Amino acid sequence: MQSEMLRDGPSRPPEERLRPDRLRSDCPVLLSQRLVLRAPHEEDIDALANLANNAAVATMVSRMPHPYTIRDAADFVRRTKNGEIGKCVYAITKAENGEFLGCCGLEPHANDADTLEIGYWLGEPYWNRGYGTEAAHALIDMAFRTREIVQIDARCRVTNIASRRVIQKCGFQFQGSGMASSLAMGGMMPVEWYRLDRKTWMSLKSWGEMR
């Protein structure tokens with residue numbers, strides 16, 4: 001879910017940011033028109049803590065603490081390196097200069113090998129610029145092309161209009177609603193559940209037609 005990317009808790013030249021040892025072998029670096037999606041690393045910690053320490057971000061995801069500290073950011077980077085968070089967790093960065101924008105990733109369902117769940121968040125300065133949709137497109141394409149999955153799920157808080165827009169632009173279909181825990185809010189929050197199956201993904205002529 002959008003909320004899965006920070007459970008606990010700049011810039012490198014392009015030739016360094018694209019080094020393959022920055023990601024586990026099954027999570028390749030992803031390139032889009034404006035973005036590079038690659039493994040989080042230590043140089044992201046300050047920017048990560050700065051962007052994540054925002055109630056407007058934390059209250060829209062389930063497992064992000066608030067306040068969000070440098071220690072939280074460092075622990076997040078460490079855990080992603082150790083493969084403890086999700087299946088593939090990416091830092092969303094600008095292709096032109098490596099600027100850190102947020103995170104996205106995929107997480108397997110505990111009892112369903114046919115399904116992955118996508119999550120994402122962006123720092124508030126980068127909202128409403130199409131970065132979330134662009135990152136999600138790249139991640140979804142990689143998932144269906146490299147994994148034998150049937151579908152991808154996404155969830156968003158009912159009040160998160162921007163996240164819902166990203167989900168819908170990616171072709172997900174509404175499945176239902178429910179409740180999810182929120183670490184920042186200290187309780188439960190209503191969420192919507194969406195699903196994109198492989199057949200629907202394959203039927204889309206291009207992502208560009210959906211923007």
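Modeller: Gladly. Let me start with Cys-27, which has a relative accessible area of 2% and is therefore buried, the cut-off being under 20%. Please keep in mind that this is a predicted model. The sulfur of Cys-27 is bonded to that of Cys-88, with an S to S distance of 1.9 Å. The angle about the S-S bond is -80 degrees, which makes the link of Cys-27 and Cys-88 left-handed. Cys-27 sits in the loop between α1 (14-17) and β1 (30-31), while Cys-88 belongs to strand β3 (residues 88-94), so the bond ties together parts that are 61 residues apart in sequence. Cys-88 is buried as well, at 0% relative accessibility.

The count for the model comes to 1 disulfide. What about Cys-103: how far is its sulfur from the closest cysteine sulfur? That neighbour is in Cys-104, and the distance is 7.5 Å, too far for a bond.

Now to the surroundings. The protein chain holds 7 helices and 8 strands. The strands form an open sheet with mixed pairing, in the order β1-β2-β3-β4-β5-β6-β8-β7. At its edges are β1 and β7 (173-182), each of which pairs on one side only. The strand of Cys-88, β3, stands between β2 and β4 in that order. Further along the sheet, strand β6 (residues 151-157) meets strand β8 (residues 187-197) in antiparallel pairing over 7 bridges. There, Ala-154 stands opposite Tyr-194 in β8.

Helix α2 (residues 45-52) lies across β4 (100-109) and β5 (112-122), and runs at about 85 degrees to β4. Helix α5 (residues 131-146) has 16 residues, so at 1.5 Å a residue it should span 22 Å; its end C-alpha atoms are 23 Å apart, which agrees. Of those 16 residues, 14 are buried, so α5 is largely enclosed by the rest of the structure.

For the chain as a whole, 52% of the 211 residues count as buried. Its accessible surface comes to about 9,800 Å², and carbon and sulfur atoms account for 50% of that.

Notes. Residues numbered from 1 in each chain as written. Predicted model: local features only at pLDDT ≥ 70, side-chain atom pairs only at ≥ 80, totals over all residues. Heavy atoms only, no water. Helix = DSSP H or I, 4+ residues; strand = E, 2+ residues; numbered from the N terminus. Expected span 1.5 Å × (residues − 1). Buried < 20%, exposed > 50% of the residue type's maximum accessible area, 1.4 Å probe, protein only. Disulfide = S-S within 2.5 Å. Areas by Shrake-Rupley, 256 points an atom, 1.4 Å probe, with all protein chains shown as cover. Pairing = 2+ DSSP bridges. Contact = heavy atoms within 4.5 Å. Axes fitted to C-alpha atoms, helices over the stretch in contact; angles between N-to-C directions.
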